[in-house]
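Please read this note with the model open beside you. It is written point by point, for someone new to reading structures.

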Amino acid sequence: MISKMTKYSFILLSGQTDDFLSKIQELGVMDITRSRKPVDENSARTLDWIAESRRTVEILEKLDYSNDPNLADIHKAYKNAIVPEDAVSFVKEQTDALETLRGSITAAENELRLRAPWGNFDSSHLKKLALSGYELHYYSVPQKKFDESWEAQYPLQVISSDGKNVWFVVVSSKDEDFVFPIAEIPAPGGSIDEAQEYIDGLYYQMSGIKGRLLRAKDAIPALNEEYGRRMSELDLYLASAASQKAAEDMVTLLVGFAPSSEDGRLSEELDKMDVLYIAEAATEHDNPPIKLRNNRFVKMFEPLTGMYGMPVYSEFDPTPVLAPFFMLFFAMCMGDAGYGIILMLFGLAVHKKWINIGMFKGLGPLISTLGAATFAVGIILGTAFGVNLYEASWVPQGLKNIMLVGELGGYPTQMVLAVGIGVFHICLAMTIKAIGYTRRFGFKANISTWGWLLLIVGGIIIAALSFIGIMSSEITKWAVIAIGVISALGIYVFNTPGRNPLVNIGSGLWDTYNMATGLLGDVLSYIRLYALGLAGGMLGAAFNNLGNMVLGDGGFGWIPFVIIVILGHTINVAMSCLGAFVHPLRLTFVEYFKNSGYEGKGTKYNPLTLTKTE
Amino acid sequence: MNEILGYLGFGLMLGLAGIGSAIGTTTAGNAAEGALKKNPEKSSSYMILSALPATQGLYGFVAFLMWMGKDFAANGPLLFGVGVSVGLICLFSAIRQGQVCANGIVGISQGHDVQTNTMIYAALPEFYAILALVAALMI
């Protein structure tokens with residue numbers, strides 16, 4: 001259900017605007033028509049700050065140095081750290097410095113590895129050697145290429161070898177023309193002790209930064225408060241920016257919408273303020289924001305409607321129809337009673353906050369409901385944890401009687417069920433389209449729609465009735481002819497009254513082509529409900545088989561059996577859930593919304609309030 | 001020989017359809033990744049459009065299930081012919097549908113209101129995969 005909205009038009013003196021908007025903000029139910037995006041530099045800057053501060057809080061909340069080897073140093077830095085007022089830029093500075101340090105440490109550790117073969121030495125000795133007129137040449141060759149005779153020919157000293165390579169130096173006087181068969185490598189920049197010292201210094205700096213970042217965590221509550229404040233400030237700013245000025249900027253015009261249920265309270269409050277306002281019932285033309293009002297069950301599915309787009313004011317709210325069918329489709333795609341139980345427990349855990357994953361926040365009841373439906377449908381389809389319940393001996397016969405197995409007309413019963421549900425869903429969509437469009441645009445504009453509805457739904461009902469045997473073939477024949485004639489008149493001749501009948505017939509033929517190809521495709525699309533359910537069930541059975549093979553005769557076989565079964569079914573649950581979420585959503589958004597003529601171009605109701613979370 | 005042909009057709013029908021869906025959904029998914037960087041608000045639209053090319057693989061699988069009881073030795077060449085054609089249709093249908101969806105996703109990320117029309121254009125190549133499925137079920 002879409003809540004009825006009342007449109008308020010305000011005229012106030014320009015000087016009163018800010019005061020007025022603050023009072024409206026306190027009331028918290030008026031959606032002043034305003035832009036949702038920044039309109040100028042000021043608002044853009046505020047939005048940037050808001051985004052930065054969100055990121056900062058996220059980074060700070062994720063900080064965890066409890067496993068850091070330099071914990072003691074970090075703690076010392078933490079005690080001495082002082083965080084300035086502007087926590088956001090402080091954190092950015094520190095994280096940037098941390099990144100640079102990490103790069104330096106990697107480079108330094110590389111350098112350490114290069115120096116390792118040269119061991120420890122005193123750089124000052126090298127300097128003395130250079131002053132005396134000698135220089136050192138450094139070489140590294142693979143062990144095989146090392147020629148022992150070199151040691152006799154040149155003043156050579158092997159520094160180290162690790163079996164694969166040999167590192168050695170050759171001394172020469174500065175004046176002589178020194179030539180050696182192998183190419184020289186650069187001298188080590190210093191001893192390994194020096195390199196290690198440098199690295200330790202860098203790590204110490206890093207601990208300092210980490211300590212300061214830990215201290216910055218204290219700023220999180222202040223940041224959150226500031227964030228809330230700036231959000232409502234931005235909202236106010238955008239609302240006043242949306243106002244229209246008149247009478248040489250002396251007067252400001254504002255438009256707002258509020259649910260009609262608040263009419264009494266609002267008129268009281270507004271009368272107390274010094275503003276001139278007109279309250280009238282909102283019409284589709286005004287494009288009022290949409291507030292959905294549904295019972296507890298349907299309310300859980302409102303986020304799904306939000307994903308596509310809110311209904312336009314004069315449309316039907318699709319959520320009450322979306323809810324039961326999405327639940328049914330989800331259950332058919334999961335197709336396993338055991339997984340239904342797992343989902344019910346998971347939903348309970350999310351609701352009680354035992355499991356706290358950001359993505360599922362607030363979705364606990366929805367998950368449990370879907371799990372319950374999956375359990376029921378899983379029993380009907382005869383699968384639990386990949387086990388075929390129909391062929392299991394421990395299942396009572398009473399339960400087996402409600403399971404759908406076997407074939408119907410040459411095709412598996414479950415497949416026929418999926419297609420049948422599809423046909424029903426589409427017929428429902430077409431009926432809703434006919435009723436909705438007639439309500440919005442009048443009967444004359446929709447004769448063609450009613451004609452198609454009569455033809456298809458009427459045809460199916462008659463086919464069903466004659467199949468069951470209620471109607472005799474005589475009556476069926478006449479009924480078919482009657483329906484055919486009436487609907488043909490509606491589709492081909494009268495589809496747009498007042499237009500050239502030949503053009504009508506032409507457009508009727510075009511409609512026929514679209515309907516024939518479109519409907520066939522849409523109905524067959526529902527086969528995926530059968531396919532996905534079957535695939536999930538077979539994958540579960542495959543994991544069970546794998547487990548059984550490993551189990552063998554028992555004994556130690558139980559351990560791999562349990563591991564395989566638990567791992568396998570967990571993977572299967574996750575993947576089935578993904579498929580069972582996406583494909584029913586696609587069926588609803590594409591097949592159902594298209595056939596029910598749903599536009600979904602409405603905007604969400606977003607009143608000016610003091611506390612903002614988005 | 002007949003049996004080998006029959007099995008070949010059987011396998012190609014499933015395999016090519018699955019490959020098509022894999023490529024199609026990947027094309028659309030890659031576009032969605034880029035679109036998320038530009039306009040993360042519409043992520044649900046991207047998800048729906050990315051899922052559209054998944055249909056052909058499902059159709060190949062359903063046809064596979066329907067054919068499991070067939071006599072491959074007796075109908076080998078027939079099953080080969082139909083199987084390969086169904087597989088090829090689903091392959092190209094899914095790949096091209098993925099490209100249409102990818103363009104739609106890019107359009108939505110740029111702020112154009114093209115979701116409904118994209119779904120209609122995406123359904124056009126899908127129609128031929130449906131015809132292929134019906135053909136596979138009819139023999």
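1. Basis. The model is predicted, so local features need pLDDT of at least 70 and side-chain atom pairs count only at pLDDT 80 or more, while totals for chains, interfaces and linings use all residues. Residues are numbered from 1 along each chain as its sequence is written, chains are lettered from A and ligands numbered from 1 in the order in which they are written, and side-chain values use heavy atoms, with hydrogens and water left out.

2. Contact between the chains. Chain A puts 27 residues into the contact and chain B puts in 24 (contact means heavy atoms within 4.5 Å). About 2200 Å² is buried between them, and carbon and sulfur atoms give 77% of that area. Buried area is the accessible area (1.4 Å probe) that two parts lose on being put together, summed over both. On the chain B side, Ile48(B), Leu58(B) and Met66(B) lose the most area to chain A, together 21% of what that side buries.

3. Salt bridges. Two salt bridges are counted between chain B and chain A (a side-chain nitrogen of Lys or Arg within 4 Å of a carboxyl oxygen of Asp or Glu). Asp113(B) and Lys601(A) form a salt bridge through their side chains, at 4.0 Å from N to O.

4. Helix H16(A). Does the length of helix H16, residues 413–441 of chain A, agree or disagree with 1.5 Å a residue? Its 29 residues should span 42 Å, and the end C-alpha atoms are 41 Å apart, which agrees. The expected span is 1.5 Å times one less than the number of residues. Helices are DSSP runs (H or I, at least four residues) and strands likewise (E, at least two), numbered from the N terminus.

5. Nonpolar patch. Trp478(A), Ile481(A), Val485(A), Leu489(A), Val493(A) and Phe494(A) make a nonpolar surface patch of about 560 Å². Patch residues have over 30% relative accessible area and no salt bridge, with nonpolar side chains (Val, Leu, Ile, Met, Phe, Trp, Tyr) joined within 5 Å and like charges within 9 Å. Accessible areas come from the Shrake-Rupley method with a 1.4 Å probe, and for residues only the protein chains shown count as cover. Val485(A) belongs to helix H18 (residues 473–493). An α-helix has 3.6 residues a turn, so residues three or four places apart point the same way.

6. Positive phi. Asn287(A), not a glycine, has a positive phi of about 55°. Asn287(A) sits in the loop between strand S8 (276–281) and helix H10 (296–299), and is partly exposed at 46% relative accessibility. Lys353(A), also other than glycine, has a phi near 65°; Lys353(A) is exposed at 62%. Buried means under 20% relative accessible area, exposed over 50%, and partly exposed in between (1.4 Å probe, protein chains only).
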